[in-house]
Amino acid sequence: MSAHELPFFFTWSAQNDAFPVEISAGFGSYFETPEGLRILDLGSLTYQANAGHGNQRIIEAVKNQADRLCLSMPSAVYPEKVELAERLLEIAPPGYSKVFFTLGGSDANETALKIARMVTGRFKAIARYRSYHGATMGAASLSGDWRRVAVEPGLPGVLHVLDDMSQSRSRIADVLDYEGNVGAVFVESVVGANGVLIPTPEYMRSLRNACDAHGALLVFDEVLVGFGRTGSWFAFEHFEVAPDMITCGKALTAGYGVLGAVLVHKRVASHFESNVLASGLTHYAHPLGVAAALAALKVYEEDGLIERAAELEPSLRDALIEWRALETVGESRVLGLLSGTELHLSQKAFRRLPEALWRRGVHAHVKPGPGVLVLSPPLSIELEELQEGLAKVREAIEEVSKEEA
Ligand code: PLP
């Protein structure tokens, strides 16, 4: 099937280059095509399927919610909405007092940016070049990668910094010293699609100290890495530095519903006790998204999936170290069940890799921009499935590397 035959756009792609994937069902770590092909999902689709495919507990919760209460409005109060907000504030660090619900990750970042402007009265924001914060105009302006460039000019006052997260001090701290009028600093706690870059605790502390010194709010984008991906509820817990706002999406519902959220510390939230919170969405806290999120959080907890991501980390890391025997494989960075492996391949070989993976029945994230292969299997994956999948990915890399030679 080609993209031309279909009446909708494929995203982030020229339509001629799109790679349509027919998908009809999913169970556990696999999804299926209508021809019965089983694809091992080492990417958790678009990084959201943390509880795997076809999870009946989450599906039942959504069905029951649809029967009970399917329609809502922003000012409506219903029990599941209260319960989810309470649960998210329990998972957040101490001192968080309010949740703002969104439809996904982009508008979570969009909302955090608006809140920062309203609370600080400052319009500037700093983010990193190696980042993605979403597709809507404000979130795209914050994003540092190629996806911003196509729609420039973006929001005025957004600056990007080329930073090295392996250092003990962020360059953003230096920029804050000179810039002035900065209301917010946005960083992915662990960089996801731009190559899995893991900061040092000192780096994160330098960001926190610099934001405090200059009165800027620190926002951690946990859209891709939140909800167990790195072996803790939130990735920033590894670095013992807490932000002022946390933006969430993707695995908040494990992919079974449409929902994002901004978790807000009380020192920020208190501003809106007597000032208007100038933001809102028709589908704010839509009951089906809320039900999916509540059920997903229960599954993560009951099945010990967060601990499981930490337990499986050494197996993932060991396999990736073995891959270094291949000439085209470089360094890997691993945290929980998220890995980024540097591949020294031509752009042509990079373009061939998704097809070589697909032929072997594997889905993973091939990122020619940063030259990295990103793996993010469901947290429910069995060790044998993971090992089998990793062997297939290695074969696919060998195949495209040979063609290169
Ligand atoms: N932030 C990060 C770190 C992401 O990876 C993404 C999506 O890939 C987003 C924000 C945007 O989320 P959404 O696509 O749900 O709007």
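How are H3 and H10 oriented to each other: parallel, perpendicular or oblique?

**View 1. Packing of helices H3 and H10 in the predicted model.** Helix H3 (residues 79-91) and helix H10 (residues 287-302) pack at an angle of about 40°, and their axes are 9 Å apart. H3 and H10 are therefore oblique to each other (under 35 degrees counts as roughly parallel, over 145 as roughly antiparallel, 65 to 115 as roughly perpendicular, and the rest as oblique). Axes are lines fitted to C-alpha atoms, for helices over the stretch in contact, with angles from 0 to 180 degrees between N-to-C directions. The H3 and H10 crossing is left-handed (the near helix is turned anticlockwise from the far one by less than a right angle; clockwise gives right-handed). Helices (H or I, at least four residues) and strands (E, at least two) are DSSP runs, numbered from the N terminus. The model is predicted, with local features requiring pLDDT of at least 70 and side-chain atom pairs counted only at pLDDT 80 or more, whereas totals for chains, interfaces and linings use all residues. Residues are numbered from 1 along each chain as its sequence is written, and side-chain values use heavy atoms, without hydrogens and water.

**View 2. Packing of helices H12 and H13.** An angle of about 140° separates helix H12 (residues 347-359) from helix H13 (residues 383-404), with their axes 9 Å apart. That angle makes H12 oblique to H13. The crossing of H12 and H13 is right-handed.

**View 3. Surroundings of the ligand.** The shell (residues with a heavy atom within 4 Å) includes Gly104, Asn109, Tyr132, Glu188 and Leu224. Its residues divide into three nonpolar, six polar and three charged (Ala, Val, Leu, Ile, Met, Phe, Trp, Tyr, Cys and Pro count as nonpolar, Asp, Glu, Lys and Arg as charged, and the others, Gly among them, as polar). Helix H4 (residues 105-120) contributes the largest share, three residues.

**View 4. Polar atoms at the ligand.** A side-chain N or O atom of Ser106 is 2.6 Å from a ligand oxygen, and one of Asp221 is 2.8 Å from a ligand nitrogen. Lys250 places a polar side-chain atom 2.9 Å from an oxygen atom of the ligand. The protein covers 80% of the 390 Å² of accessible area that the ligand has on its own (Shrake-Rupley method, 1.4 Å probe).

View 5. Glu152 and Pro153 are joined by a cis peptide bond, with omega about 5°.

Technical notes
A polar contact is a pair of N or O atoms within 3.5 Å; within protein, one must be able to donate a hydrogen and the other to accept it, and residues adjacent in sequence count only if both atoms are side-chain atoms.
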